[in-house]
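Thanks, everyone. I have one structure to walk through today.

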Amino acid sequence: MIGIVGYGNMGRALLGGLLSNYRRERVLVYDKDRSKISKLKKDSLLRKAKSLEEVADKSSTIIIAVKPQNIREVLEGIREFYCNQLIISIAAGITTSFIEKAIGKKPKVVRVMPNLSAEVKRSVTGISKGRYASLVDLKKAERIFKSIGSCLILKEKYINPLTAISGSGPGYIFYFLYCLEDSAVSLGFSKREARFLVFNTFKGAGELISEKDDFLELVKKVASPRGTTEEALLYFKKKNFKRIVKEAIEKANKRAEELSKPCTTA
Ligand SMILES: NC(=O)c1ccc[n+]([C@@H]2O[C@H](COP(=O)([O-])OP(=O)(O)OC[C@H]3O[C@@H](n4cnc5c(N)ncnc54)[C@H](OP(=O)(O)O)[C@@H]3O)[C@@H](O)[C@H]2O)c1
């Protein structure tokens, strides 16, 4: 049985993915706010737990999908009933050693970092194992998270840099789209027209690229010499857009490290 603790944004996305890959009677959901899972009541095959004890008792894998500030109470709730289950945490900044120390019985822990695109099964998820988890545990976690997108297994020291790139990535892209939309309005388009242009440009460009593509080669396909795109790109270069992006990512990475520090020891 796979137990999900925390039925918020990510818990919901995870459940959606799991239900397309696992039999529903193999999934158990728990949230301290019972009203959140009340909508699931109609699904009679899906299990709903009444307590953390029940989750720990019935699950061989426990996915913790609560906010980092709530993780301590969840671990305290599981600790007493821990009996070799695989614990998977998606909480930003919470290290495997923090969880290991809080549980205190050489627990099997895997830390993962998905992103918001999990909602449409297109998450990019980083996965790393703790000291006591095996490669089989890692593969088990990978199988679960492949149900919401694609996965990259890596050492835990790369989880914070991955958070800065793919965890926060959708936010950067949304911000760029907002800037493009704002520019369209400045050129005289109505808000609705601007949204239409930006949305469809983004969707089209997204469908155009494949993982093998060289992004600069794609840029060349759009930017003919002395044309409009090149004019804008030259201005990006003059203003050192690439350096601004790099510095912003470094800031996100540093912030992820800061958030991890108090969560290294329990
Ligand atoms: N959202 C993202 O894009 C994203 C991306 C990657 C990773 N993450 C990570 O995913 C985790 C969850 O994020 P989220 O956006 O899904 O948060 P969320 O929407 O707040 O969901 C968390 C859920 O857990 C519940 N909860 C809190 N304490 C609990 C407890 N002791 N036992 C059971 N349930 C409890 C919360 O209830 P209350 O609301 O009543 O507290 C809420 O329903 C976070 O740690 C975050 O770092 C999020």
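Start with the β-α-β unit. Strand 1, helix 1 and strand 2 form it, and the unit is right-handed. Bear in mind that this is a predicted model.

Look at strand 1 itself, residues 2-5. Which way do its side chains go? Ile2 and Ile4 point to one side, Gly3 and Val5 to the other, and all are buried.

Now the partners of strand 1. Strand 2 covers residues 27-30, and its pairing with strand 1 is parallel, over four bridges. Within that pairing, Ile2 is bridged to Val27. Strand 4, residues 61-64, also runs parallel to strand 1, and four bridges join them. There, Gly3 sits opposite Ile62.

Step back to the whole chain. How many helices and strands does the chain have? Eleven helices and eight strands. The C-alpha trace spans about 70 × 40 × 30 Å along its principal axes. The chain has 266 residues, and 39% of them are buried. On contacts: take those between residues at least 6 apart in sequence. Of these, 59% join residues at least 24 apart.

Is Ile71 buried or exposed? The cut-off for buried is under 20% relative accessible area. Ile71 comes out at 1%, so it counts as buried. What does Ile71 touch? Set aside neighbours within four places in sequence. That leaves Ile64, Val66, Ser89, Ala91, Ile94 and Phe98 in contact with Ile71. Take Ile94 from that list. Ile71 and Ile94 are 23 residues apart in sequence, and their C-alpha atoms are 8.4 Å apart in space.

Last topic: the second largest pocket. Its volume is about 810 Å³. A word on the probe. Rolling a probe the size of a water molecule over the atoms shows where empty space is left.

Who lines this pocket? There are 30 lining residues, and Met10, Ala65, Val66, Lys67 and Pro68 lie nearest the centre. Which helices contribute? Helix 1 (9-21), helix 3 (71-79), helix 6 (159-167) and helix 7 (169-186) each supply at least two lining residues. Helix 1 is also the helix of the β-α-β unit.

Notes. Residues numbered from 1 in each chain as written. Predicted model: local features only at pLDDT ≥ 70, side-chain atom pairs only at ≥ 80, totals over all residues. Heavy atoms only, no water. 1 Å grid on protein atoms, 1.4 Å probe; cavity = no way out; pocket = protein on both sides within 12 Å on 5 of 7 lines; lining within 4 Å. Points joined across faces, edges and corners; volume = space filled by probe spheres on them. Buried < 20%, exposed > 50% of the residue type's maximum accessible area, 1.4 Å probe, protein only. Pairing = 2+ DSSP bridges. Right-handed = clockwise from strand over helix to strand, strands pointing away. Contact = heavy atoms within 4.5 Å.
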